Structure formats: structure tokens, C-alpha cells
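Subject: The structure we talked about

Hi,

Here is the structure I promised to send over. Have a look at it first, and then read on for what turned up.

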There are 2 protein chains.
Amino acid sequence: MAESQLIQKIGFVLLLWFFSYNLVSAKPELGWSRKAAAEAEAIALIYCSGHGQAYIDGNIVDGRPSCECNTCYGAPDCSIFFSNCTANAESGDPLFLEPYWEEHAASSAVVVAGWHRMSYSTTGENYITIELERHIRMLHFAVGNAVTDGRFIVFGAGSTQLLYALVHALAISHNSSLPASVVASVPYYAPYRGQTEFFDSKVAEWRGVTSEWVNSSKASSNKVIEFVTSPNNPDGLITQSVLNGSSSIHDHAYYWPHFTAITAPADEDVMIFTTSKLTGHAGSRFGWALIKDESVYNATVTYMEMNTMGASRDTQLRMLKLYKAMLAEIQREGDIFAFGYKTMRERWSKLNQVVSRSKRFSLQKMTSQYCNYFNTTRDPSPAYGWLKCEREVDRDCDAVLRAGGISGRSGTIFSGDQKHVRLSLIKSQDDFDQLLTKMAALVS
Amino acid sequence: MAESQLIQKIGFVLLLWFFSYNLVSAKPELGWSRKAAAEAEAIALIYCSGHGQAYIDGNIVDGRPSCECNTCYGAPDCSIFFSNCTANAESGDPLFLEPYWEEHAASSAVVVAGWHRMSYSTTGENYITIELERHIRMLHFAVGNAVTDGRFIVFGAGSTQLLYALVHALAISHNSSLPASVVASVPYYAPYRGQTEFFDSKVAEWRGVTSEWVNSSKASSNKVIEFVTSPNNPDGLITQSVLNGSSSIHDHAYYWPHFTAITAPADEDVMIFTTSKLTGHAGSRFGWALIKDESVYNATVTYMEMNTMGASRDTQLRMLKLYKAMLAEIQREGDIFAFGYKTMRERWSKLNQVVSRSKRFSLQKMTSQYCNYFNTTRDPSPAYGWLKCEREVDRDCDAVLRAGGISGRSGTIFSGDQKHVRLSLIKSQDDFDQLLTKMAALVS
């Protein structure tokens, strides 16, 4: 009897525990989103040996998305390394930030309902989500890299779309005589010229390098649109507008603490930023322009309307989630900029160590600088190495590197000389490791 | 004793049930995606009285996203109807499909991990996800509305981006003399002209209406690019290319069973489709072109590269999920086309009933037709009413409607006449109901 009562009591205690577990302390049961969430988590668990990723929309092999292996890795699980493979240091694919987001999985994930924002219109004017605009302004304020007060914001499909939208907008605003002349200082990011020539508009023409327009009579008779990239792509140097009285487009894609010291908030009339070099989400195609003048803003808005009717609202939703996650730990230890700076400084330092072992190659000179964001002096950590072949015989530096198993981007692509090659340092760790190995072999 | 044994037994049975519920039949516990999933579900539960929606990236009021009310509804929960408010039948905002996606919440939701496809590159060439391309081809095959064999596919930010990309591509391919002449048949979708004039390129010029080029000597000396929209926007009529030997861009945005009978797969050299009028996701900015000629394809790809470096990969992921959900029940009762057709047919029928009560207005004549997709004769269900003011005194039909509390889109916007106004039938049910009410008052 006593035994049976004991069993009975234990039974009731267990029952109570199960009740409380299920009804009180348990997390609420998910409904319609559970299937998608479970799918995403299952795919995140697909093993790619640390040298690749599987994505929900990957190619299906054996009924599930297959691993997409990093350069020089193969096999279904990316476990095989091809040692005689060329190190790829070409594109500005910002995968160095991928580990940051893997570490912040819970705060950066977003669930998009099937009926999410189907409409053309959203909360703000001109296809802009107000909450995202607000977070972008908060971000600039927190980082101290740009003045947003008194600026309009336009969203675009990456800085790519905005670069030419602004050429067009600056050309047609203020009733200036057309075509406007578009210029940049060598070495410069190739699309400035490429877009202006390809779109072949009556409103703007590519007219070569900025230096030729200094003290030139040409400048006074034409409207000149000057691209100013700071830090510069490819060489990472801080630059300023050269032509007085020109309309400048300040491309600040790399003006984040990952890559350079933040010395003062940028305060120009037209500034462009992109999430590609901020959060590392190049594939999302999202960037924004800060514009002071209302007529230039209106002309840019019209361009966006005619071109794509604004930036994808799906992407705007994801960006908001990413920026919220970033802002939640900004200025704390291990925030995205501390992570980015640490990674990039280490890569730059290692590349310098290898290159300095001989006099065959040299890299651009960069110095430590006080950074207002980190409140301390910081080492250089540029996005690219601007490598020079020092030997006279190595006329085509790109060919020299390719022969050594490294594909970079020739200086000629930046309208610079053949003696230079841009080496991307912002790709995956695998890409960087391979670059370093091949570089070490070339130097020795 | 018997009683105590009974309680004991009941206790054990309950215990067993709880064990099995928790350990066997219970769904696996979610990890990093749970927070985002719970957030999305909580926001979906925000009550907006059936006259609005709350979204994750909505404006924050009292700590949570606020309801975004449909036209003519207000208050924090959208419960107040403003009866003297103007019915808005202007834009082609395809919200008539919103209820379909709400009913398919589980199959259409997508979870985007923070590290999802950060790279520029994806599984296919030219920024295209192969799985999405494959599903688009499956969709065309299942619906029977376009031949995709032997066609290249290019993705764009809505058909908007592709329309002009193809003008540019057709103009510069095949080494033809420039500028090419761009034309369309009245009434036509305004951006054809708007884009060509605004982008103001040396490669293509707007040269007016197609009919002026028939039997004209102009046609032989110039490359002519003819826009052919079928079903036509605004009037829903089936159209064909008029000029022999021209390069045609066939805009098939509305060639889906929602809006028209599928009589044969479209088989032109250049065809454009958009998700906006297929799934109703206008805000996602996603469309595609089917292109037969490789040089035209290559020129289009270059345009996309220069303009935006492809369509957002985030959006491509979401589209894949939506298309999979659509395809999973295609040709079954209640599939998206049955839903879309039912809704649009009913709206068209109701509008006709109201309009036919007087001779003041008329609508375009549409007939029933055999549809290969539904395997039966189907009634008309166009996306827009192309309303005509029949009375001589009603010269400006748009003004007449506005005086009656209806804002449509004047025929002049489509380079048509003032006697016509386009009334959008594809917006939300609230929008349609208001249109009908105001129309009934106008007619009586």
C-alpha cells in the first residue's frame, strides 16, 4: 500500500512536470513558418568540409542541395584540394565576412512570408522602406563615417546601379549644357568608364582622366562629373576631389572601419555606399546614395523609377535584419568592424611579410592612423593589394602572376599600367591562403 | 485499493502519452531560425481588421510594426472606413493574389540565413540561379504559355529593367546602323516611350506609333524595334507584331491564365515575363526574358552586368520558393491560376454589370475563348477595364471619373485619347469594392 502510494505520488509529480514543461516553460509551437525554418536548418547542416556551403537554392544532387565548393576544392563534400590550381584573387567578392554572419545566425536570419510586401509601394516615398532608411542613418552616425543630416537617401541595386544613376542625374540637373564630361583619376574602378561608354547616352560622355582637366579651359566650358573613390579601388589610398567647381560623385564603398581609419564623417554633396563592402552581401545587390541637392535627388529618383522601380523590397527586408543585427553589438568587442579589421589587418600583414622577402614585387605603402571609430591608432587593412612588378623584365605583371598560379586583375583594367596588378584580399580564407602560398613560391 | 490502482493506471497511461508526444511524435526543436520564425508569426497575427497588413519592416508604433491600411481605411487597426474617399484604380498593383499566398503560408515562406549567398556569383552563369531557371522553364511548360526550348533566359529587376535592356541589346546587336527606331501601337504601356526618351541613348530613339511605319520607306532604312504587348496593357486585347522584318519585343506580362485564355505557347524571338503579374509580387522586382538569338542574349547580359550585376540573389531565392509552391499544385483544383481567374472573372463581370446599366460609359468588348490550360472555354477576365466615356460632353473621361470619386489612369498616359481611362481590377478586394460602389453611383 505504501509502495503503491509512492508510485502514485511519483506518477503525479512526473505528470505535473510534463504539464508545466509543455504548457508553461516550453516555447510556443510554431505554425506556418516551421517547415521553412526546419528546411533552412537542415541545409545549414550539410557538411562541406569547411571549404564550401550548401544553400537552399543550390543545385539538387541526390535529392538535396549540393555543396558549392570554394576555389580549388572539389568532391561532393569539398574535401579534395587541387594543389596545382590557380589562386583566384580577382573579384571583390567580400566573403571575408561570411564567418561573422555564421556566428550571428539567430540575430541575422529573416523569415519572409509568402504575402510579404507584394505591393509596389512600401512605407516611404520612392520605394524606400522607412525603417531601413532610419537604420542606415543610425549606422552612419554610430560609425561616424558620413554626415546624413540634410541628405536625401536613394536605394539602388548595389552601388553599381547608383553610380550611373548619379552620372545621369548630375548631367541633367541644373539645366547645364549636354553632354556632361565624366572623368576619374587613374587608377580607377573600371565601371565608371565602362558604364558611361556602354550606356552611350547623349547626356554624358567619358572624357578620360581627371588630371588632364586641371587648369584646362575645357573644364569651364563643360559640366564635369568627377568620380572620387575614397579609399580608392584598387590602391586603398584616401583621395579628394581634384577639380574645383565640378560635380563629384564620392564613392565611399570602402570607407568603413574594416578597411581604413575613420578620420572624419564624409560630408560631400553626393556620396555612395554599398552593403557589399559593409556587411559582405554582394549578391543581395543593395547600395544607397546620400544626396544633398533636391534637384539631383529628384533626378536620381526618376532614374530609379525608369530603370527598376526601386530596389527589391525582399532585399530591403533582409538588409534591415542584417543592419539591426550589426547595430545591436556595435562598438562592443567583436562587432562586425572589429571582426573585419582583425581579418583584413592580418591578411595585409601576412601578404606584406611574403612580398617583402624579395625585391621582385612591392605593395602600396600604407601607414597607421588614428581611427575615431576604434578610438585608437590602427594598422592598415586595405581591401586590395596593389602589387607592382619591380623588375624591368616583368613588363606584364599580370602575366608574371598568372605564370606563378595567381589570377589577379591587371592594372590596365583600372586604366593604370601593366606593371601593377590588383590582388583581392577580401575573399574567403581559402582564397587568401592559396594566394599567400602561391605568392610565397613566386617570391622565393 | 481498487480505486488507487485505477488512479495509478490512469497516471501511467497519461505519462506514456506525454512521453510519446514529447519524444516520438514531437517535431524537432529548432535552433538559430526559431527567433526569426516566431517574430514573423507574431507579426502576421497583428490584427488589421481585414483592411490592412503589418509587415516585419513596417513603421514601429508602440514597439511593434504598425498596420498599413488599404486605401480609404484608417485607425491603428484599420477599422475605420472613410466613405467620401476616392476609389483608387490607378496602379497595376497585383494584390488580388495576396489571399492566395495567405492560404499557402507554409509552402511559400522562406528562411534566409544571414550567410545566404553573399557572393556575387551563384550556381549559373551571369548571376542566374540554375534551380530558379529550371523552375521557370517547368512553369512555362506546365502552363503552356511560352516555348522555352532553344531560348536563353536573363533575369531582371522586374520586366521594367528588361524592357530597356532589350531595346539596347537589339539596337547594338547585328552591327546595324544606329540609332534604332523604337515604336509601339496605341494604346501602349507608357514606360516603352518613357524609358527610351529618358535614358536618351545614342543607340535607340523613340519614333512614335507602329502604324506610321507600315508600308513606310522609313522602315527599310532603319532598324525598327517594335513593342508588342499581348494581352495588351491597357485594353487586354491579343496583339501581334505589325511590322515585317522588325525586331520585336513581346511583352507577355499578362499572358497567364489569370487574365486570358492560353491558346498556344508564345514562340517569338524575344519574350518578357514578370512575377508581378504571375504571383503578384510586384515589390520583389523580378522578371525574365526568353531570348532566341545568342548575340542578343549576350548584349542583354552585358546590359544587366553594367546596370546592376544581375537580379538580387535574395529575391531569386524567394522566387524559387514561390514557384515551387505554385508548381506543387498546378493543374489541381484551387491552383493559383484557378484562383486568379475566378477572382478576375468575377470582378470583370461585376464591373460590366454596373457599367451596362447606362450608356454613359462602355468597356472594351471581350469574348469567351477556349483555354488550353483549363481545357475548357473560359470567360474574359482582363487585368484592366479600358473604360470609354460615351457622351460627347464628357471629353476628359479621367476628369469625369475623378469628379465621381474614382482615380484611374487617363488614356493619354497610354498615348491614347482622353475619352478612355484605364481602371485597374487587380488591386485589393477593398480597392475593387470601392471602385464598384463609386462606379454604380456615377452610372445611376
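Is B:Cys371 buried or exposed? B:Cys371 is buried, at a relative accessible area of 0%; buried here means under 20% relative accessible area, exposed means over 50% and partly exposed is in between, with a 1.4 Å probe and protein chains only. A:Cys371 in the other chain is buried too, with a relative accessible area of 0%.

Some housekeeping before the rest. This is a predicted model, in which local features need pLDDT of at least 70 and side-chain atom pairs count only at pLDDT 80 or more, while totals for chains, interfaces and linings use all residues. Residues are numbered from 1 along each chain as its sequence is written, chains are lettered from A and ligands numbered from 1 in the order in which they are written, and side-chain values use heavy atoms, with hydrogens and water left out.

**The two chains**

Chain B can be laid on chain A by a turn of 180° and a shift of 0.0 Å along the axis, with an RMSD of 0.0 Å. The two copies are thus related as by a two-fold rotation axis. The superposition is by least squares on the C-alpha atoms of residues with pLDDT of at least 70 in both copies. Of the interface residues of chain B, 100% are also interface residues in chain A, so the copies meet through the same surface.

**The annotated domain**

An unreviewed UniProt entry carries the annotation "domain: Alliinase EGF-like" for residues 32-85 of chain A. Positions from UniProt are given in the numbering used here, feature names are shortened, and annotations may be inferred rather than shown by experiment. Over residues 32-85, chain A is 20% helix and 22% strand, and the end C-alpha atoms are 46 Å apart. Helices (H or I, at least four residues) and strands (E, at least two) are DSSP runs, numbered from the N terminus.

**Disulfides**

Searching the whole structure gives 8 disulfides over all chains, a disulfide being a pair of cysteine sulfur atoms within 2.5 Å. In chain A they follow the pattern 1-2, 3-5, 4-6, 7-8, if you count the bonded cysteines along the chain.

- A:Cys48 is joined to A:Cys67, S to S 2.1 Å. This link is left-handed, with -90° about the S-S bond. A:Cys48 sits in the loop between helix H2 (34-44) and strand S1 (52-53) of chain A, and A:Cys67 in the loop between strand S3 (64-65) and strand S4 (68-69), so the pair ties together parts that are 19 residues apart in sequence. Both A:Cys48 and A:Cys67 are buried.
- B:Cys72 and B:Cys85 have their sulfur atoms 1.9 Å apart. The torsion about their S-S bond is about -70°, so this disulfide is left-handed. B:Cys72 is in the loop between strand S4 (68-69) and strand S5 (73-74) of chain B and B:Cys85 in the loop between strand S6 (80-81) and strand S7 (87-88), so parts 13 residues apart in sequence are tied together. B:Cys72 and B:Cys85 are both buried.
- B:Cys389 pairs with B:Cys397, S to S 2.1 Å. With 70° about the S-S bond, the link of B:Cys389 and B:Cys397 is right-handed. B:Cys389 is buried at 0% relative accessibility, and B:Cys397 is buried with a relative accessible area of 0%.

**Helix H5**

In chain A, helix H5 (residues 130-143) has 14 residues and reaches 20 Å from its first C-alpha to its last, close to the 20 Å expected at 1.5 Å a residue. That expected span is 1.5 Å times one less than the number of residues. Among the buried residues of H5(A) are A:Leu132, A:His135 and A:Leu139. The buried residues of H5(A) pack against several elements, including helix H10 (313-328) of chain A and strand S2 (60-61) of chain B; contact means heavy atoms within 4.5 Å. Just after H5(A), A:Gly144 takes a positive phi of about 75°.

Over in chain B, B:Leu139 lies in helix H5 (residues 130-143) and is buried, with a relative accessible area of 0%. Not counting residues up to four places away in sequence, B:Leu139 touches B:Trp256, B:Leu278, B:Met326, B:Leu327 and B:Ile330.

Cheers
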